[in-house]
Amino acid sequence: MQKKTEQQRTELKDLGEFGLIRRIQQQFAPKHSESVLGIGDDAAVIDTGGENYTLVSTDMLVEGIHFDLSYVPLKHLGYKAVAVNVSDIAAMNGTPKQFTVSLGLSNRFPLEAIDELYAGIKHACSNYNIDLVGGDTTSTRAGLVISITAIGEVKKDQIVYRKGCQENELICVSGDLGGAYMGLQVLEREKQVFMANPDMQPELDGKDYIVRRQLKPEARTDMVYELRELGVVPTSMIDISDGLASELMHLCSQSEVGAILYEEHLPIAKVTYDTSVELNIDPTTSMLNGGEDYELLFTVKQEDYDKIKQNAEIIEIGYVLPKEKGVVLKTKGEQIVPITAQGWKHF
Ligand code: ADP
Ligand code: MG
């Protein structure tokens, strides 16, 4: 018998999600002049003529990785699957218009379960004023997979990329952080308690806000509208799906700048703070690395300060620095510490 020649094998975890995406990106530079921006931002940007750009974004949710059906109601899951895609359109300063839904289903799911999922999708259609226009349905061996592609539009002179912020601009966020992560922690804790003793009732009193942040997040299309009303076009923007630290690193690396955040300005709801302390997780870590809050992180010019001040939901959390200064946090104790993105551990 012949000995098999040893083939090189590179583990995906050594590359990481962003390394893998960069590798794909390098091999697929767009050829058409209509493909204004391909891989690398919250949505692709396509010029079909006229005064608007078309935006396209896709996101997949996989059972056992992104959700656990032992505590995630299918109705909320349907809503969330749409919301996270709408959020990427909002992150380009755009308005969502249409989406498609592709489902991988196993025979574990009866029709009633699919009806629940679509009830949530329908609710999202009306809340975000967006049309379901197609999709695909296939079977899987076991789990549920939902992949959504959202299409939106934005006026050409109002598009906002991850790239574009400059030194001295203000870094802002559209709402409080860390809630979705704390919601996940309490849901996981209750699951463990329930598995140990199925007679126990879940202890979620007072945690409604963070549980909702996890199960039924909202895309900040309202903030896109508010910014337009204020006459402010951010200089860069991204939505917070992976966590503030990771998203800020994206803005900074694509804009080739550094940044400073002030720990005392980072917004956290009281229940998020209290739950963090209760679970022995530093509240600042929850805000920086929690993820899934789907707030918008954006930068504005100093001269727009008076305008953004008019909206109480816009919180200034720091400034853009020159690249050499790095991406840092000024702690409540006045120390400067580097911010590192935890990134993604799926592999
Ligand atoms: P977000 O967190 O905003 O959804 P991602 O980190 O998932 O963004 O994706 C970043 C960019 O990489 C986007 O432009 C996305 O379309 C692209 N991308 C992600 N995965 C792939 C893939 N497998 N092939 C091609 N492009 C991809
Ligand atoms: Mg995004």
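Which side chain meets that of Lys191 in a salt bridge? The partner is Asp68, at 2.6 Å from N to O. This is a predicted model. The domain assignment gives domain 1 (41-155) and domain 2 (170-338). A magnesium ion (ligand 2) is also present, coordinated by three named residues: Asp42, Asp88 and Asp239.

**Magnesium site**
- Asp42 and Asp88 link distant parts of the chain, 46 residues apart.
- Asp42 sits in the loop between β1 (35-37) and β2 (44-46), while Asp88 belongs to helix α2 (residues 74-90).
- Asp42 and Asp88 are both buried.

**How the domains meet**
- The C-alpha centres of domain 1 and domain 2 are 23 Å apart.
- Contact involves 24 residues of domain 1 and 23 residues of domain 2.
- Between them, the two domains bury about 1,900 Å². Carbon and sulfur atoms account for 54% of that area.
- On the domain 1 side, Tyr71, Lys80 and Asn93 lose the most area to domain 2. Together they make up 32% of what that side buries.

**Polar links and the elements involved**
- Domain 1 and domain 2 share 2 salt bridges.
- There are 8 residue pairs in polar contact between domain 1 and domain 2 (both at pLDDT 80 or more).
- On the side of domain 1 that touches domain 2, the elements giving two or more residues are α2, β4 (95-105) and α3 (111-127).
- Helix α2 gives the most to that side, with 9 residues.

Definitions and conventions: Residues numbered from 1 in each chain as written. Chains lettered and ligands numbered in written order. Predicted model: local features only at pLDDT ≥ 70, side-chain atom pairs only at ≥ 80, totals over all residues. Heavy atoms only, no water. Donors = N, O, S within 2.8 Å, 3.2 Å for Na, K, Ca; no water. Helix = DSSP H or I, 4+ residues; strand = E, 2+ residues; numbered from the N terminus. Buried < 20%, exposed > 50% of the residue type's maximum accessible area, 1.4 Å probe, protein only. Domains from an automatic or database assignment. Contact = heavy atoms within 4.5 Å. Buried area = accessible area lost by both parts, 1.4 Å probe. Salt bridge = Lys/Arg side-chain N within 4 Å of Asp/Glu carboxyl O. Polar contact = N/O pair within 3.5 Å; in protein donor to acceptor, adjacent residues only side chain to side chain.
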